[in-house]
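Notebook open, model loaded. I wanted a look at pockets first, then rings, then the record.

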Amino acid sequence: MSTPGEFYNSLPPVTKAYGTLCLLTTAAYHLGLLNPLYIALHYPLVFSHFQIWRLVTNFFFLGKFSINFGIRLLMIARYGVQLENGPFDKRTADFLWMMLFGAFSLLVLSAIPWLSSLFLGVPLVFMLLYLWSREFPNAQINIYGLVTLKAFYLPWAMLVLDVLFGASPLPDLMGIIAGHLYYFLTVIHPLAGGRNILKTPMWLYRLVARWGIGRQQEAYTRPGSRPETSSTSGVAFRGRSYRLNQ
């Protein structure tokens, strides 16, 4: 059995960085070092006072230390890690691009008045859960030792549980919307004969290669080249068209 330090060091870079920032943000809040209102998403302050950092920092607060916080952090450690080590293995730039696209989608959704939220960390984590459920649709999931179901239905089961426990379903729904938008643009639309309009930009490949994070495909380091992807599927979930029939 690995030690906590060994487990932490074995985590893939993007998921590890995001989970660590979420943990540190909540720890800083409990230590009285951070007022969450200073990092919350508030568009009037973003545009009128140029507090641009709020567009990023709001994704790092998952709430105070609680059972719900622990569940969200475990979701990052499980579903984010399995995605980054699985379909995104050796494709760190693609995984980072997926996270950036999800964050941007959630920022747009939050601009809609009835979807507005001060913090978008929970929706971003739920987006990871949704994409994981599409990548591993037949995996058997046991919920609290009471119900066993296929992973394909897990996001909806978690949404129902949140409602039953008195939480708002909006963060979960926003995550599902953002996740499905990414899945549609990178998988469903290309498989239907459309063009993949969400390819990872070359500058991000070069940036990841320059930083030396993750395990990169050789093509990342060759100027003017792009990692090979399937012509019939999107950037993620390559060659897995069976998911459309779930």
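I began with the second largest pocket: helix H5 (67-85), helix H7 (121-135) and helix H9 (170-191) each give at least two residues to its lining. Helices here are DSSP runs of H or I, at least four residues long, numbered from the N terminus. This is a predicted model, where local features need pLDDT of at least 70, side-chain atom pairs count only at pLDDT 80 or more, and totals for chains, interfaces and linings use all residues. Residues are numbered from 1 along each chain as its sequence is written, and side-chain values use heavy atoms, with hydrogens and water left out.

I noted a volume of about 350 Å³ for the second largest pocket. Volume is the space filled by probe spheres set on grid points, which are joined across faces, edges and corners. For the term itself: on a 1 Å grid over the protein atoms alone, a pocket is an open set of points where a 1.4 Å probe fits, with protein on both sides within 12 Å along at least five of seven lines, and lining residues have an atom within 4 Å of a point. Of its 18 lining residues, Leu-62, Gly-63, Arg-72, Val-122 and Pro-171 lie nearest the centre. I counted the lining by class as eight nonpolar, six polar and four charged residues (nonpolar: Ala, Val, Leu, Ile, Met, Phe, Trp, Tyr, Cys and Pro; charged: Asp, Glu, Lys and Arg; polar: the others, Gly among them).

Next, what classes line the largest pocket? I got 21 nonpolar residues, no polar and no charged ones. The largest pocket holds about 530 Å³ of space, and Val-14, Phe-60, Leu-96, Met-99 and Leu-100 lie nearest its centre. H6 gives the most to this lining, with six residues.

Then I went through the rings. Phe, Tyr and Trp rings (six-membered one for Trp) pair if their centres lie within 6.5 Å; planes under 30 degrees apart are stacked, over 60 edge-to-face, the rest tilted. I found 10 aromatic pairs by this rule. Why is Phe-65 with Phe-69 edge-to-face? Their planes stand at 85°, with centres 5.2 Å apart. Phe-69 is buried at 4% relative accessible area, while Phe-65 is partly exposed at 39% (buried is under 20%, exposed over 50%, partly exposed in between; 1.4 Å probe, protein chains only). I also logged a cluster of Tyr-29, Phe-61 and Phe-119, linked by ring pairs.
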